[in-house]
Amino acid sequence: MSVLLCTDLPDDERRRWREALTAALPEARWIEDAQAAPADDPIDVAVVAKPPPGALAQLPSLRLVQSLWAGVERLLADPTLPPQLTIARMVDPAMTAAMVETATWAVLALHRDFPRYAAQQRAARWQVHPQRRADEVQVAVLGHGELGRAAAARLAGFGYRVQAWRRGGGTTDGTSPATGVELRQGPAALEAVLAAADIVVNLLPLTPDTRGLFDARRLAALRRGAALVNLARGAHVVEADLLAALDRGQLSHAVLDVFDVEPLPPAHPLWRHPAVTVLPHVAAQTDERSASQVVARQLRAFWRGEPVQHRVDRGRGY
Ligand code: NDP
């Protein structure tokens with residue numbers, strides 16, 4: 001059982017992954033140079049994070065590609081990726097828990113005006129603003145997959161009015177919403193979901209349909225003074241349009257974990273905008289220890305001939 005660990009990550013990260021994966025699945029032969037696989041045990045699985053384009057093209061026995069990341073848009077963008085490969089993305093309860101924490105923190109902070117109070121502290125200004133109850137705050141969670149579903153459920157638990165939005169018409173499992181979450185689906189529902197929201201939390205995958213979703217038109221469809229929390233991918237948001245909407249007061253605040261260009265360049269206006277909170281793509285970091293256990297379970301099941309979990313539908317792009 002030869003498994004290719006294929007990644008363009010910096011050396012220290014690659015080493016951490018190799019150690020965690022080898023410890024979780026010691027019975028596999030872990031290989032980092034595809035040429036090093038023995039002829040009688042060719043590579044049938046690749047475990048990837050940021051694989052160099054073309055790296056998976058010339059492996060005749062390869063059947064399964066397991067991503068170490070939840071988002072697979074970069075992997076799918078490689079035109080040399082053989083069409084018959086099964087691709088699985090990372091779904092790790094530890095990562096889901098981390099994302100729920102970040103989404104909850106952001107919504108609580110925005111609801112309770114903490115960015116405004118932090119600015120007041122910097123100016124040594126004592127000023128009290130009216131306090132809204134959670135059930136007076138409408139939250140839209142875009143994406144009702146592994147992460148969106150968990151975040152929406154937790155937010156509903158805090159008493160927020162929560163609408164979650166999904167594509168629909170697909171085969172995603174376990175899509176029934178939690179108590180207190182109203183589920184909407186399809187492009188026709190988006191405008192109403194946005195128009196009703198005080199806080200929008202984006203947890204969509206990046207696909208041709210969702211790229212640039214938050215452009216000038218969609219930002220204008222939000223309630224005046226609404227806030228945006230983008231925890232998914234930078235390319236969901238047209239940054240120039242977002243800056244314009246913030247400057248006009250159409251949006252009151254944006255919490256951004258992801259950007260068009262990462263790391264966010266030091267001169268980028270988002271760093272210093274008073275109505276923006278910047279995080280360096282840390283909403284839910286992949287934890288090598290728990291993710292390696294997820295990989296080990298998946299690969300052992302695959303070799304036993306069981307169905308692959310969290311398969312990517314290449315037609316849908318997620
Ligand atoms: P899933 O694939 O489990 O869920 C995707 C959800 O988005 C589904 O509900 C799906 O609808 C919905 N969706 C997809 N396309 C559309 C569309 N065109 N219109 C409406 N809804 C749509 O993904 P995850 O929850 O695991 O992850 C979501 C994203 O979060 C990842 O792709 C990644 O980009 C990002 N992420 C960010 C991290 C960070 O640290 N910032 C960490 C991890 C992930 P349906 O249910 O109908 O299929």
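User: What makes strand 10 largely enclosed by the rest of the structure?

Analyst: Strand 10 (residues 226-230) is largely enclosed because five of its five residues are buried. Buried means under 20% relative accessible area, exposed over 50% and partly exposed in between, with a 1.4 Å probe and protein chains only. Strands (E, at least two residues) and helices (H or I, at least four) are DSSP runs numbered from the N terminus. This is a predicted model, in which local features need pLDDT of at least 70, side-chain atom pairs count only at pLDDT 80 or more, and totals for chains, interfaces and linings use all residues. Residues are numbered from 1 along each chain as its sequence is written, and side-chain values use heavy atoms, with hydrogens and water left out.

User: Which residues point each way from strand 10?

Analyst: Ala226, Leu228 and Asn230 point one way, while Ala227 and Val229 point the other way, and all are buried. In a regular strand the side chains alternate between the two faces of the sheet.

User: How do you know that strand 10 pairs with strand 9 and with strand 11?

Analyst: Two strands pair if DSSP finds at least two bridges between them. Strand 9 (residues 199-202) and strand 10 are parallel, with four bridges, and Leu228 is the bridge partner of Val200. Strand 11 (residues 251-256) also runs parallel to strand 10, joined to it by five bridges; there, Val255 is the bridge partner of Val229. Both pairs therefore meet the definition.

User: What makes a crossover right-handed, and which units include strand 10?

Analyst: With the strands pointing away from the viewer, the path from the first strand over the helix to the second must run clockwise. Strand 9, helix 7 (residues 216-221) and strand 10 make a right-handed β-α-β unit. Strand 10, helix 8 (residues 239-248) and strand 11 make a right-handed β-α-β unit as well.

User: Which residues line the second largest cavity?

Analyst: The lining consists of Asn230, Gly234, Val237, Glu239, Leu242, Leu256, Val258 and Phe259. A cavity is a set of points, on a 1 Å grid over the protein atoms alone, where a 1.4 Å probe fits but cannot get out, and lining residues have an atom within 4 Å of a point.

Terms used
On a 1 Å grid over the protein atoms alone, a cavity is a set of points where a 1.4 Å probe fits but cannot get out, and a pocket is an open set with protein on both sides within 12 Å along at least five of seven lines; lining residues have an atom within 4 Å of a point.
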